[in-house]
Structures are given as structure tokens and as C-alpha cells.
Amino acid sequence: MPLLFSYGTLQQEAVQLSTFGRLLRGQPDELVGFEQSLLKIEDPEFVAASGKTHHAIVKFNGRTSSRVRGTVFELSDSELASADEYEPAGYTRVSAMLASGKEAWVYADARSS
């Protein structure tokens, strides 16, 4: 089963229930070699649902000292596809190494891929 690292809204119970139909169980972890910033969301439906115009986003910088805290979840392939549909424009799914040594998918800044 694929692993997905979340540092933002996919950690929220309401988002998990609406996206996957269940609550996910995860473990704290850190994304290595990325830095976090904010992305202005242009999708009015996503903004209305989240209540925020700016959301966290990560960008690869390659520095092992750069860490982003979050949670790693185990998903089914169909749930990963649902996560792809959930993420708004500006995010792309990339494979990344976590501090735990696990490899996981993460939604990163599409402008840097």
C-alpha cells in the first residue's frame, strides 16, 4: 500500500472523511530536504470548503537540514487517486524520503518539479 506524507489539510479529520470516507491512522514523521511556504489558492470551491485563500506547500531544496513536520499515512491505491483529485492546482505528487527512512508520496509545489 502506498504511503502519503501530509503536512497540511489531509491531516484534518473532516478532510479525511470527505476525501476518503474514513479517518486515517498515521505516524508523525518529517519530510527531509524540503521547505514550507504558502500558496494562494485560485479555486473558489476549494477556498470556500477550506475557509482559507492560502495553504501550506512544500518545495524541494535538497538540504538535509531542512525538515517539514507532518504525518505519514498508509492508503490504498484508490484513496491515493482520491487525494490526487482533492489537491488543487499548484500541487503535484512527488516521491520523497522521510526522516524515518520511509519513502512516501507528498504534494509539493508544481512550479518546482
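Contact, in this report, means heavy atoms within 4.5 Å. The structure is a predicted model, in which local features need pLDDT of at least 70 and side-chain atom pairs count only at pLDDT 80 or more, while totals for chains, interfaces and linings use all residues. Residues are numbered from 1 along each chain as its sequence is written, and side-chain values use heavy atoms, with hydrogens and water left out.

**The sheet**

Helices (H or I, at least four residues) and strands (E, at least two) are DSSP runs, numbered from the N terminus. Two strands pair if DSSP finds at least two bridges between them. Strands of a sheet pair through backbone hydrogen bonds, either parallel or antiparallel.

Five strands form an open sheet with mixed pairing, in the order 2-5-1-7-6. Strand 2 (26-32) and strand 6 (91-97) each have a single partner strand and stand at the edges, so one side of each is left without a neighbour in the sheet. On average, neighbouring strands of this sheet are turned by 40° against each other, direction ignored. Helix 3 (residues 77-86) packs on the sheet and touches strand 1, strand 6 and strand 7 (103-109); the direction of helix 3 makes about 10° with that of strand 7. For such angles, axes are lines fitted to C-alpha atoms, for helices over the stretch in contact, and values run from 0 to 180 degrees between N-to-C directions.

Strand 1 (residues 3-6) pairs with strand 5 (residues 67-74) in the antiparallel sense over 4 bridges. Strand 2 and strand 5 also run antiparallel, joined by 7 bridges, whereas strand 1 and strand 7 run parallel and are joined by 2 bridges. Residues that stand opposite each other are listed below.

| Residue | Opposite residue | Strand of the opposite residue |
|---|---|---|
| Ser6 | Thr71 | strand 5 |
| Gly26 | Phe73 | strand 5 |
| Leu4 | Trp105 | strand 7 |

**The nonpolar core**

A nonpolar core is a set of buried Ala, Val, Leu, Ile, Met, Phe, Trp, Tyr and Cys residues joined through side-chain atoms within 4.5 Å. Buried means under 20% relative accessible area, exposed over 50%, and partly exposed in between (1.4 Å probe, protein chains only). The largest nonpolar core has 29 residues, among which Phe5, Tyr7, Leu10, Leu31 and Val58 touch the most other members. Strand 7 gives the most to this core, with 4 residues. Beyond four places away in sequence, the residues touched by Phe5 include Leu31, Val68, Val72, Leu98, Ala104 and Val106.

**Asp109**

Asp109 lies in strand 7 and is buried, with a relative accessible area of 6%. Leaving aside residues up to four places away in sequence, Asp109 touches Ile57, Val58, Lys59, Gly90 and Thr92. The C-alpha atoms of Asp109 and Thr92 are 6.3 Å apart in space, although these residues are 17 residues apart in sequence.
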